[in-house]
Each structure stands twice: as C-alpha cells, then as structure tokens.
Amino acid sequence: MPGRLMRGLWQRWRRYRYRFVPWIALNLSHNPRTLRYVPEESKDKVISDEDVLGTLLKVFQALFINDFSKQSDILTVLPEPVKSKYQDLLSVQHPRVKQLEYRHQQQNTFTPEEILYKTLGFSVAREPSSLISAGKGVFVTKGLVQKGAVVSMYPGTVYQKYEPIFFQSIGNPFIFRCLDGVLIDGNDKGISKVVYRSCHGRDRLGPLKMSDSTWLTSEIHNPLAIGQYVNNCSNDRAANVCYQEFDVPAVFPIELKQYLPNIAYSYDRQSPLRCVVLVALRDIEQGEELFSNYYTIVS
C-alpha cells in the first residue's frame with residue numbers, strides 16, 4: 001500500500017514539475033536551454049505590442065462576426081458607426097459562410113478553431129503531451145504557425161505582487177510569474193475557477209462582458225486561450241514558443257473584451273489589464289507540440 005501511494009505521488013510530481021515555477025527555477029542552471037535571457041524588463045519583446053494587438057483584434061473581430069446573431073444585446077449599446085462597421089464586415093464575409101451551409105447542416109457559423117485557422121492560418125488544441133507523464137500539452141492541429149506569430153494566450157486571474165494568492169497557489173501548477181512580479185493564475189479548477197468566475201461577474205456591464213470565462217469550460221470561445229497547458233522545454237525538446245507580456249490598451253474595443261481570457265483580481269480602472277501571449281520562435285508545423293522557455297533578467 002505505501003509503495004503504491006509513493007508511486008502515485010511520484011507520477012503526479014512528474015506531471016506537476018513541468019509547470020512548477022520553483023522547481024524550474026532551481027533547475028535552470030542544469031538546463032540552460034529553458035531560459036531566454038532578457039537584458040531588462042522593457043526588452044522582453046519578440047514582436048512589437050502593435051503586432052500583438054493587431055493579431056488579437058483580427059482574431060476577436062472574426063469571432064465576433066462569426067457569432068453575430070448572438071450579439072444583438074451588445075449591438076444595442078454600441079455607437080452607430082461601430083454597428084455599421086460590423087454590418088459592413090458581415091456583408092463581406094456572408095458569401096464565404098454560405099459556401100459551407102451544406103457541410104454545417106443549416107448552421108451558418110464556424111467553430112472557434114475554424115475561425116482561428118481561417119484568420120491566422122493555423123489552429124491549436126490541447127492533447128496528451130509527447131512528454132512522458134507530463135499530462136496535457138498544446139499542439140498545432142492544422143496549418144503552419146509562422147515565426148513571430150501569436151500562437152496562444154495564457155488565461156487566468158491577474159494578481160498584483162501585493163494581492164493574496166496563497167490558498168489559490170496550493171498544489172497549483174498553473175501560476176505564471178511576469179517579469180515585474182505580477183502573477184497570472186491559469187488554473188481552470190478549484191478555488192482558482194471560483195475566483196475567476198466571481199471577478200468575471202463583478203466586472204460585467206449589462207450585456208457587455210469584460211472578459212471571457214469559457215476557457216474554464218470544455219467549449220472555449222477564444223481558441224487561443226489554452227496557453228497554460230504549454231509545457232516547458234527541456235534539453236531534449238527545444239523551445240519553439242516564448243512568453244511575451246502585453247498590457248491591454250485603453251482603446252481596446254469594448255465589444256471585443258468578451259474574448260479576453262484574463263481579469264484583474266482587484267477592480268482598478270487605473271491599471272491596464274496584463275495579458276501574456278506565446279509567440280512562435282520559428283515556423284511550427286502541423287502535429288508539433290508547443291514548448292516554452294522561461295525568461296530571466298540579466299544585468
């Protein structure tokens with residue numbers, strides 16, 4: 001009995017350690033390929049913030065148009081020029097939707113994964129990792145990810161350095177630490193799930209959702225919001241993606257915030273919302289698993 005218990009604990013640890021930040025930190029010196037050295041906090045960008053913003057707006061706008069029939073409540077509170085813009089975009093995309101009516105059997109929408117492929121040329125999904133005992137990983141399931149492309153987002157509740165996260169962190173392999181000490185809890189279970197749902201409901205303004213909570217479910221509306229399942233690279237598996245921090249600008253369209261998979265733990269209008277995206281370090285082909293590296297500041 002004790003032997004079976006120890007084997008079970010060992011198997012859980014082998015899965016857990018691939019995302020357990022203290023374990024990774026202690027082993028960095030033995031595994032230099034897991035690090036991306038950053039000269040200072042302001043120079044961790046692989047691509048520009050403008051490129052990240054452009055990608056997110058492109059994908060989110062396509063998701064909004066694809067789900068246009070369910071956006072009526074939101075459209076009623078948007079300015080007329082914004083509504084007209086989406087009507088124009090819908091009329092342009094309508095013929096393409098019609099072509100697949102037979103395939104979708106009277107449905108006139110695509111799945112989020114199809115929208116991602118049509119928009120960026122690839123799709124990603126969670127599948128059993130190729131690493132032994134590592135649990136789930138993220139794979140390119142269709143198309144080609146080009147170098148410099150935003151391939152996924154790290155969802156979760158965003159905590160400032162001074163905010164409480166002790167109980168949420170117990171046994172939690174999905175806490176990401178930003179360069180400035182900000183933490184993102186990407187766990188889709190337990191206390192973490194309850195906290196995120198609570199903050200999501202708190203920030204809602206009538207029909208306008210300020211964040212996406214579907215990443216907590218099996219039916220994800222934002223197909224990029226699976227970055228917390230990307231495993232760390234190793235000496236045998238070199239990194240093909242890296243983390244990049246991105247603060248959502250104040251000009252971000254309010255109707256598209258429903259696809260942002262992050263929310264602040266404390267309600268603060270003054271601070272921009274922190275997001276983390278994963279950016280491709282090279283071209284990544286269909287069938288490949290994503291492996292990330294962790295950055296460290298060097299002086």
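Throughout these views, a residue is called buried under 20% relative accessible area, exposed over 50%, and partly exposed in between (1.4 Å probe, protein chains only). The model is predicted, so local features need pLDDT of at least 70 and side-chain atom pairs count only at pLDDT 80 or more, while totals for chains, interfaces and linings use all residues. Residues are numbered from 1 along each chain as its sequence is written, and side-chain values use heavy atoms, with hydrogens and water left out.

View A. Ser-266 sits in the loop between β10 and β11 (274–280); helices (H or I, at least four residues) and strands (E, at least two) are DSSP runs, numbered from the N terminus. With a relative accessible area of 32%, Ser-266 is partly exposed. Leaving aside residues up to four places away in sequence, Ser-266 touches Glu-163 and Arg-202, where contact means heavy atoms within 4.5 Å. Ser-266 and Glu-163 are 103 residues apart along the chain, yet 8.3 Å separates their C-alpha atoms.

**View B. The open sheet β6-β7-β5-β10.** Here 4 strands line up in the order β6-β7-β5-β10, with mixed pairing; two strands pair if DSSP finds at least two bridges between them. Because β6 (175–177) and β10 (262–264) each have a single partner strand, they stand at the edges, and one side of each is left without a neighbour in the sheet. On average, neighbouring strands of this sheet are turned by 25° against each other, direction ignored. Look next at β6 and β7 (residues 183–185), which run antiparallel and are joined by 3 bridges. Arg-177 stands opposite Leu-183 in β7.

**View C. Helix α9 on the strands.** Helix α9 (residues 190–203) lies across β5 (156–159), β7 and β10, and runs at about 75° to β10. For such angles, axes are lines fitted to C-alpha atoms, for helices over the stretch in contact, and values run from 0 to 180 degrees between N-to-C directions.

**View D. A nonpolar surface patch.** Phe-166, Phe-167, Ile-170 and Ile-191 make a nonpolar surface patch of about 480 Å². Accessible areas come from the Shrake-Rupley method with a 1.4 Å probe, and for residues only the protein chains shown count as cover. Phe-167 belongs to helix α8 (residues 166–169) and counts as exposed because its relative accessibility is 60%.

**View E. Ser-133 and its positive phi.** Ser-133 is not a glycine, yet it has a positive phi of about 65°. Most residues other than glycine have a negative phi. You will find Ser-133 in the loop between β2 (122–128) and β3 (136–143); at 26% relative accessibility, Ser-133 counts as partly exposed.

Terms used:
Patch = residues over 30% accessible without salt bridge, like charges linked within 9 Å, V, L, I, M, F, W, Y side chains within 5 Å. Salt bridge = Lys/Arg side-chain N within 4 Å of Asp/Glu carboxyl O.
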